[in-house]
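Please look first at the sequence and the model shown below.

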Amino acid sequence: MSAKRSMQSVRGRRDPQRAGEEAFRDTTKLLNALPHPVLAIAPDGFVIEANTASESFFGISRSILLQQTLAHLLPRDSVLLALVEHVKAKNSAITEYRVDLGIPRLATEKLVDLFVTPVSDFEEGVLVMIQERAMAEKMDRQLTHRGAARSVSGMAAMLGHEIKNPLSGIRGAAQLLEISATDSDRALTRLICAETDRIVKLVDRMEAFSDSRPLERESVNIHTVLDHVKRIAHAGFGRHIRFTENYDPSLPPVLGNRDQLVQIFLNLVKNAAEAIGEAAEDGEIELSTAFRPGVRLKLPNSDRSVNLPLQFCVRDNGPGVPAEIRQHLFEPFVTTKTSGSGLGLALVAKLIGDHGGTIECESQPRRTIFKVLMPMYAPLDGRSDKKI
Ligand SMILES: Nc1ncnc2c1ncn2[C@@H]1O[C@H](COP(=O)(O)OP(=O)(O)O)[C@@H](O)[C@H]1O
Ligand SMILES: [Mg+2]
């Protein structure tokens with residue numbers, strides 16, 4: 001049915017003048033409907049098209065914008081000017097997150113994501129889209145999460161020492177008592193052992209945060225990691241779920257610690273399985289990988305940016321992340337589960353940060369995606385991390 005409908009609309013496009021369609025053929029109207037500033041830049045740098053959102057972004061009317069070059073609108077050292085030159089030279093699109101455009105006229109600092117792409121049939125012309133919010137905010141939040149993880153790490157180190165030692169004493173004493181206990185008392189000594197074990201496990205999980213040894217990294221094929229995680233899930237907590245894969249077989253390796261990469265994806269897949277729930281009959285988790293060479297992350301307080309071309313996603317068709325915790329998802333102790341620790345995603349964020357990558361989440365009912373972005377395996381002289 002839906003295939004039929006889309007066929008009709010394809011044919012409909014060739015039909016003469018259907019009511020209301022005219023507006024959709026008018027690209028200016030389409031551009032004006034977009035909430036993000038879009039500018040078309042001619043080879044000589046002049047703005048030759050600007051949508052309504054650009055007018056409000058720059059605080060300049062379209063007719064004035066069209067008399068300016070991009071260099072007029074931006075400070076001389078603006079990242080956007082460098083990106084436009086780069087795109088012209090390489091003739092390939094580029095995305096840069098978390099850029100401060102540094103326009104002095106605008107009172108507040110504008111952190112934006114920039115999408116710059118060449119326009120075919122228009123030699124050395126480029127299209128620029130500026131996106132305020134979303135990604136930039138996410139990155140900011142993530143840096144806060146790393147801070148939160150760091151604060152857990154000090155506490156974890158202390159707990160490891162102050163709690164685990166006395167606990168092993170308590171457990172040992174309970175085991176001794178068990179030998180001479182009556183049957184009814186034995187239930188109590190077992191309870192003591194089980195509960196102390198539970199606390200030790202929790203402290204062990206927290207101790208992962210205080211591990212500040214330098215990472216032992218090697219070239220890792222992420223597909224073997226994902227397959228391993230899938231096997232673990234299949235054999236246990238994910239028995240009720242259908243797994244699908246969408247791998248890019250030519251994906252280059254990641255420079256990482258294999259055990260930690262397993263831990264990262266195990267946590268993500270476990271959360272996905274728990275969100276889907278045991279009762280669901282059509283539970284599905286998709287693991288996918290892709291190469292996105294144009295994705296870059298601007299480092300805070302620095303003019304350096306890193307390439308994060310490796311993208312690994314875990315998608316599930318569960319009910320979605322509850323709205324009330326979305327803002328704090330990667331912070332420690334945030335959980336909606338009765339027996340949850342809220343440490344899973346905090347640890348994931350910390351480990352990915354240690355690998356020089358980043359994680360983001362998009363969620364709506366039946367479609368929750370955790371997207372991990374990582375740098376590529378590179379020779380240690382760092383030559384492949386060149387600035388443009
Ligand atoms: N795939 C997902 N779908 C829906 N909610 C999720 C998903 N992953 C994580 N969450 C939410 O994030 C919370 C925190 O996850 P996490 O840090 O792993 O801690 P825990 O699993 O112990 O609760 C979960 O309690 C859950 O509410
Ligand atoms: Mg979890």
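By class, how many nonpolar, polar and charged residues does the shell around ligand 1 have? The shell has 10 nonpolar, 11 polar and two charged residues. Here Ala, Val, Leu, Ile, Met, Phe, Trp, Tyr, Cys and Pro count as nonpolar, Asp, Glu, Lys and Arg as charged, and the others, Gly among them, as polar. This is a predicted model, in which local features need pLDDT of at least 70 and side-chain atom pairs count only at pLDDT 80 or more, while totals for chains, interfaces and linings use all residues. Residues are numbered from 1 along each chain as its sequence is written, and chains are lettered from A and ligands numbered from 1 in the order in which they are written.

A residue is near the ligand if its C-beta atom, placed from the backbone, lies within 6 Å of it. Of the 23 residues around ligand 1, Asn271, Ala275, Thr335, Gly340 and Gly344 come nearest. Two or more residues of the shell are given by helix H11 (258–276) and by helix H12 (344–354); helices (H or I, at least four residues) and strands (E, at least two) are DSSP runs, numbered from the N terminus. H11 contributes the largest share, four residues.

These helices also meet each other. Their axes come within 9 Å and cross at roughly 145 degrees, where axes are lines fitted to C-alpha atoms, for helices over the stretch in contact, and angles run from 0 to 180 degrees between N-to-C directions. Among the residues that meet are Asn271 in H11 and Gly344 in H12; contact requires C-beta atoms, placed from the backbone, within 7 Å. By class, this contact of H11 with H12 has seven nonpolar, five polar and no charged residues.

The strands come next. Strands of a sheet pair through backbone hydrogen bonds, either parallel or antiparallel. Five strands form an open sheet in the order E7-E9-E12-E14-E13, with mixed pairing; two strands pair if DSSP finds at least two bridges between them. At its edges are strand E7 (242–246) and strand E13 (358–364), each pairing on one side only. From one strand to the next, the twist averages 15 degrees. Within the sheet, strand E12 (residues 310–316) and strand E14 (residues 367–374) run antiparallel, joined by seven bridges. One bridge partner is Thr368 in E14, which faces Asp316. Helix H10 (residues 222–235) lies across E7, strand E9 (284–291) and E12, and runs at about 175 degrees to E9.

Conventions. Two residues are in contact if their C-beta atoms, placed from the backbone, lie within 7 Å.
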